[in-house]
Amino acid sequence: MTNLERLQAIMNYQNYDRVPVVHFGFWKETLDAWAEQGHFSAEDAKKYYNGACEHRQFCRKLGFDFGWGDSGIGTNMGLAPAFEKKVIEEMPDGSKKVMNHYGVIELEVPGATSIAAEIDHTLKDRKSWEEEFLPKLQFFEDRINYKRLEEIKAEDEAGREEPRWLNCGSMIGTIRNWLGVQGLSYLWIDDPELYDEIIDHCANLIYTCLEKVLATGVKADFGHFWEDICFKNGPLVAPSVFEEKCGPNYRKITGLLKKHGINMASVDCDGCIDALISTWLENGVNTMFPIEVGTWEASIKPWREKYGRELRGVGGMNKTVFGYDYAAIDAEVERLKPLVDLGGYIPCPDHRIAPEAKLENVQYYCELMHKTFS
């Protein structure tokens, strides 16, 4: 079987020959660390991170079959043009206040590699929405790379063995990026009409882009949303608000996918997502990803018990064991066995592999997964 056939069989509860060994990439710092340890050169580390072909070859060499995000159809559904990144102010200690491409003012600190602190936001109210953002969120044909779509269709004529996703955008996660968590929370109370307008306008833009893409006849195996609207204690938006405001837009988009034969839709949402799962499932998003194990110990098992076989999952492998030893990896794979037996589930390191990981442990994990689930 091909990896595409394996994915389709597993997610449809059909027979398959083995479970594919799936990854979701690496932090740049992970590859840099492995280069410093002598596993490959610094130049190769850059290629493995930025080069699509080199990245895939490296991952196959480690023992992975494919990456969940490796093959996709992307479309420009966001701010166009994006805000120009520029330095607003430089401080004596070397830190800088910088406007990013979302119009967010961030504090950049020398040597820091984590997410920058947000200081201010361009999007605050109706005036800034209508003057600064709405003009950048209109549909125009150049949002669609028709030439690339034709290339993809030509590639498919030669046969395809890897799964391909279709970017379905974000119903509220990107808006949260523009407003900030605090801004998003206050806007719902201060100006509910604007809150609704922003969500619906962005969803309609996404729908129009997808309609144009799918009309070309290009094929995808699943739609993929991005949200990242949760943290370790739960959602960053009230579940009832998420259901009311975002649910109908999810349903509209997954309905479009189904019209074109795409019955699988996954959502990338970090954090503790339990309170939002029902909204996704009820509106056609049937695959949870990356199932971050985290301190809240997320697992597909309680979700399957609650929602049944309609809920699928990819992820849920505790990547922290890569920093320990073979015994820890043995125990983690053993923990995954009964979850795989549930069907409709493919293990994957629960997010990008972190710098604490040992390369030899990642190789051992891949070998063990092949032996265990073949």
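**From hairpin to core**

β4 and β5 form a hairpin, with five residues between the two strands. Gly-94 sits in the turn and has a positive phi of about 95°. The model is predicted: local features need pLDDT of at least 70, side-chain atom pairs count only at pLDDT 80 or more, and totals for chains, interfaces and linings use all residues. Residues are numbered from 1 along each chain as its sequence is written, and side-chain values use heavy atoms, leaving out hydrogens and water.

Strand β4 covers residues 86-90 and strand β5 covers residues 96-99. They pair in the antiparallel sense over four bridges. Glu-89 stands opposite Lys-97 in β5. Strands count as paired if DSSP finds at least two bridges between them. Helices (H or I, at least four residues) and strands (E, at least two) are DSSP runs, numbered from the N terminus.

Now the sheet. Seven strands form an open sheet with parallel pairing, in the order β3-β8-β9-β12-β13-β14-β15. β3 (72-73) and β15 (345-349) each have a single partner strand, so one side of each is left without a neighbour in the sheet. Inside this order, β8 (residues 165-167) runs parallel to β9 (residues 222-226), joined by three bridges. Leu-166 stands opposite Gly-223 in β9.

Two helices pack on the sheet. Helix α9 (residues 239-259) touches β8, β9 and β12 (265-268), and its direction makes about 155° with that of β9. Helix α12 (residues 326-341) touches β14 (312-317) and β15, at about 170° to the direction of β14. Contact means heavy atoms within 4.5 Å. Axes are lines fitted to C-alpha atoms, for helices over the stretch in contact, and angles run from 0 to 180 degrees between N-to-C directions.

Which residues touch the most other members of the largest nonpolar core? They are Trp-34, Trp-68, Trp-280 and Tyr-365, in a core of 111 residues. Helix α8 (residues 192-215) gives the largest share, 13 residues. Such a core is a set of buried Ala, Val, Leu, Ile, Met, Phe, Trp, Tyr and Cys residues joined through side-chain atoms within 4.5 Å. Beyond four places in sequence, Trp-34 is in contact with residues including Phe-26, Phe-58 and Val-362.

Last, the cysteines. The structure holds zero disulfides (pairs of cysteine sulfur atoms within 2.5 Å). For Cys-53, the nearest cysteine sulfur, that of Cys-59, is 12 Å away. Cys-53 is partly exposed, at 49% relative accessible area. Cys-209 is buried, at 0%. Its sulfur is 11 Å from that of Cys-202, too far for a bond. Buried means under 20% relative accessible area, exposed over 50%, partly exposed in between (1.4 Å probe, protein chains only).
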